[in-house]
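Please look over the sequence and the structure shown here.

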Amino acid sequence: MSLLSQPDLFSATPAGLTAAAQPLAVRMRPRTVQEVAGQGHLLRPGSPLYRLMQPSSSGGGLSGMVSLILWGPPGTGKTTLAHVIAGSTGAQFVELSAVTAGVKDVRRVMEQARAQRELHQRLTVLFLDEIHRFSKSQQDALLPGVENGWVTLVAATTENPSFAVVAPLLSRSLVMTLQPLEQGDLQELLQRSLTDSRGLAGQFDIDDDAAQHLIRVAQGDARRLLTALEAAAGIALTSQQSSITLPAAEQAIAVAAVRYDKEGDQHYDVISAFIKSIRGSDVDAALHYLARMIHAGEDPRFIARRLMIAASEDVGLADPSALHTAVAAAQAVAWVGLPEARIILAQAVIHLATAPKSNACYLAIDAALADVQAGRIGVVPAHLRDGHYPGAARLGHGQGYQYSHDAPHGIATQRYAPDPVADRQYYHPNQRGYEREISARLERIRALLHPSVEQQEQSS
């Protein structure tokens, strides 16, 4: 049988859409908790969400179900989890979108849910997508149904619920944070979609390069992955081919595959060039490598983590605000996601690349670690030890300690380091940026803490 004579996975019957004609992402929607891809941190056996998703013979025993607010990026399974909860528990499932629904729609659902509860002892699961788009008054309309147990609300949002959801509703709900799917989760989902009878039913196989390209471009979004896979399968079908190739995948998503293997040499070469460009203050080269990684589907959280490291390793205290920018960028990237996260990453890259540079912090901690690893440790001086427990005074712990805030300049001239490293100096600031000021201050501090023999004789 040729490919063109096989059942058409992309057509509709005259009577309407068949199950096969529904989008692949809809057909492959998990029916049980075991089929859910990713979110392992929420679905451990015994967790609240896992218990809610266990099969029930009827909806009558669900009075203890708690309402949920699912917070996460698109395509991470918010709608899927709501469907699985309703399907597993036997509850009636009602879906509303805050984009199109109003207070009248909410009240109608509440009345129907109340009737179901009172007449048939059946609970209603109300899935409300994009709850952050509801105004305060619209969200308040949900409270009677949630408060009286007529519905179990499962609300989805891509924005922080602390700011997007009214306090009374937030206090009556369990907030769960969903994460972008990992590469392994997407790989498993892709393979299942190729073979499952609800998916492509074994009609196609896929080249490794094409699979990796689809996974990279998906950016942790299961819906985006399955949409692209279905389009690539359509191209293969039109070409009468049984294998989905990289050109078909590229054509399906209209994104050329930049040569960039997230597990291979190109991954390490590009990130290495990226960091070295920042270190070398070539802002334009750094932005090029950033664009290259974003275009190839690199995880923006990985890029943000490397920027935080560079902020301390290569900029350090020459510009202390660089680390603030990098940390803020990492948090913003986690909240916002692509494509907007590209702007946030670019701002951090530009700040770090144009900042004065110092690796003094990096050298300082490595020098200190080298001494510790070499056994130059010694004992903590007695006057610095904890003197707050019974018997400490008898051992002399804490005796003679000078409180720095009572000393001139706020610096108590006493011994702090143990004997083996008493004279070691690990931190050597350079004369660039803010470290120029640190250098001058540090010189005066060290002169007070470690006076020379000549100074000691003069003071005596």
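Arginine 415 is partly exposed, because its relative accessible area is 40%, and exposed begins only over 50%. Its partner in this predicted model is aspartate 419: the two side chains meet in a salt bridge, with N and O 2.9 Å apart. Aspartate 419 has a relative accessible area of 56%, so it counts as exposed.

One link in it is the salt bridge between aspartate 196 and arginine 198, whose closest N and O atoms are 3.5 Å apart. Are these two residues buried or exposed? Both aspartate 196 and arginine 198 are buried.

Another salt bridge joins aspartate 299 and arginine 301, with 2.9 Å from N to O. Aspartate 299 has a relative accessibility of 19%, so it is buried. The cut-off for buried is under 20%. Arginine 301 has a relative accessible area of 22%, so it is partly exposed. In total, a search of the whole structure finds 15 salt bridges.

| Aspartate 196 | Arginine 198 | 3.5 Å |

Now for a residue in a loop. Alanine 412 lies between α19 (392–395) and α20 (435–449). Its relative accessibility is 1%, so alanine 412 counts as buried. What does alanine 412 contact, once its neighbours within four places in sequence are left aside? The partners are Gln402, Ser404, Ala407 and Leu449. Take leucine 449: along the chain, 37 residues separate it from alanine 412, yet their C-alpha atoms are 7.8 Å apart.

Next come the helix pairs. Two packed helices are described by the angle between their axes and the distance between the axes.

Start with α14 (residues 283–296) and α17 (residues 341–354). Their axes come within 9 Å and cross at roughly 150°. How are the two helices oriented? They are roughly antiparallel to each other, because angles over 145 degrees fall in that class. The crossing of α14 and α17 is right-handed. On the α14 side, Val283, Ala286, Leu287, Leu290 and Ile294 make the contact. On the α17 side, the residues are Arg342, Leu345, Ala346, Val349, Ile350, Ala353 and Thr354. Sorted by class, the contact of α14 with α17 holds 10 nonpolar residues, 1 polar and 1 charged.

Then take α10 (residues 208–218) and α11 (residues 222–238). These axes come within 8 Å, and they cross at roughly 140°. The pair α10 and α11 is therefore oblique. Their crossing is right-handed. Which residues make the contact? From α10 come Leu214, Ile215, Val217 and Ala218. From α11 come Arg224, Leu225, Ala228 and Leu229. By class, the contact of α10 with α11 has 7 nonpolar residues, no polar ones and 1 charged.

Technical notes: Residues numbered from 1 in each chain as written. Predicted model: local features only at pLDDT ≥ 70, side-chain atom pairs only at ≥ 80, totals over all residues. Heavy atoms only, no water. Axes fitted to C-alpha atoms, helices over the stretch in contact; angles between N-to-C directions. Helix = DSSP H or I, 4+ residues; strand = E, 2+ residues; numbered from the N terminus. Parallel < 35°, antiparallel > 145°, perpendicular 65-115°, else oblique. Left-handed = near helix turned anticlockwise from the far one by under 90°. Contact = heavy atoms within 4.5 Å. Nonpolar A, V, L, I, M, F, W, Y, C, P; charged D, E, K, R; others polar. Salt bridge = Lys/Arg side-chain N within 4 Å of Asp/Glu carboxyl O. Buried < 20%, exposed > 50% of the residue type's maximum accessible area, 1.4 Å probe, protein only.
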